[in-house]
Amino acid sequence: MRIGVLVSGTGTNLQALLDAQAAGALAPAELVVVIANVPDAPALDRARRAGVATEVVDHRGRARAAFEDALAEALARHRAEAVVLAGFMRILTAGFVDRYPQRIVNTHPSLLPAFPGRDAPAQALAYGVKLAGVTIHFVDATVDGGPIIAQAAVAVEDGDDARALHARIQREEHRLLPIVVQRLAAGRLSCQGRHVRSRAE
């Protein structure tokens with residue numbers, strides 16, 4: 001399965017995917033293009049060093065529909081069959097999501113449905129939870145509301161600030177995301193309503 005990755009920032013989740021691909025652990029998934037909506041996103045350099053094609057589709061100065069059309073065109077140029085959002089900081093509309101039914105995956109640094117949206121680790125600390133974590137989910141037209149594929153819990157420690165907590169969450173993200181992408185490509189994920197089944201073999 002040919003995978004396009006959408007990024008906006010530093011690309012640590014992208015790096016986890018690139019490392020898995022280099023180790024042969026992502027097959028039959030293949031990263032074919034990394035697309036950034038921010039022209040100087042450091043994630044682009046990670047992709048280039050790994051020999052993966054890159055494109056920039058700047059959202060600034062474009063209507064949402066025109067931006068999403070340009071994203072879809074860039075993905076189509078590389079014949080991407082599925083999409084991974086790896087730190088992509090734009091909300092996608094139903095018009096885009098419907099082009100890739102149950103083939104867009106996102107990672108979010110909380111145990112959804114708790115703390116959707118921005119700054120989830122800070123939200124978790126402010127609420128006083130004892131467990132935070134990461135959720136990998138299919139994307140729908142809601143914000144961080146699609147069917148949950150996989151989760152991993154991360155304990156909140158005394159003295160945590162948002163940065164420290166997020167760093168531990170990211171370690172779980174980097175472990176879990178390549179597993180989910182590999183299973184998606186291998187046809188090992190099935191979704192009925194909100195219930196996703198994931199087969200290891």
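**Close-up 1. Pairing of strands S4 and S5 in the predicted model.** Leu85 stands opposite Asn106, a residue of S5. Strands S4 and S5 run in the parallel sense where they pair, and three bridges connect them.

**Close-up 2. The open sheet of seven strands.** The strand order is S3-S2-S1-S4-S5-S6-S7, and the pairing is mixed. Strand S3 (53-56) and strand S7 (148-155) form the edges, each pairing on one side only. On average, neighbouring strands of this sheet are turned by 20° against each other, direction ignored. Helix H2 lies across S1, S2 and S3; relative to S3, helix H2 runs at about 155°.

Close-up 3. After H1 comes Gly24, which has a positive phi, near 80°.

**Close-up 4. Packing of helix H1 against helix H6.** The two helices pack at an angle of about 50°, and their axes are 9 Å apart. H1 is therefore oblique to H6. The crossing of H1 and H6 is right-handed. On the H1 side, the contact involves Thr12, Asn13, Ala16, Leu17 and Ala20; on the H6 side, Gln170, Glu173, His174, Leu177, Pro178 and Val181 take part. By class, the residues of the contact of H1 with H6 are six nonpolar, four polar and one charged.

**Close-up 5. Packing of helix H5 (residues 120-127) against helix H6 (residues 162-185).** H5 and H6 pack at an angle of about 120°, with a distance of 9 Å between their axes. The two helices are therefore oblique to each other. Their crossing is right-handed. From H5, Pro121, Ala122 and Leu125 meet Ala162, Leu165, His166 and Ile169 of H6. The contact of H5 with H6 comprises six nonpolar residues and one polar residue, with no charged residues.

How values were computed
Residues are numbered from 1 along each chain as its sequence is written. This is a predicted model: local features need pLDDT of at least 70, side-chain atom pairs count only at pLDDT 80 or more; totals for chains, interfaces and linings use all residues. Side-chain values use heavy atoms; hydrogens and water are left out. Axes are lines fitted to C-alpha atoms, for helices over the stretch in contact, and angles run from 0 to 180 degrees between N-to-C directions. Helices (H or I, at least four residues) and strands (E, at least two) are DSSP runs, numbered from the N terminus. Angles under 35 degrees count as roughly parallel, over 145 as roughly antiparallel, 65 to 115 as roughly perpendicular and the rest as oblique. A crossing is left-handed if the near helix is turned anticlockwise from the far one by less than a right angle, and right-handed if clockwise. Contact means heavy atoms within 4.5 Å. Ala, Val, Leu, Ile, Met, Phe, Trp, Tyr, Cys and Pro count as nonpolar, Asp, Glu, Lys and Arg as charged, and the others, Gly among them, as polar. Two strands pair if DSSP finds at least two bridges between them.
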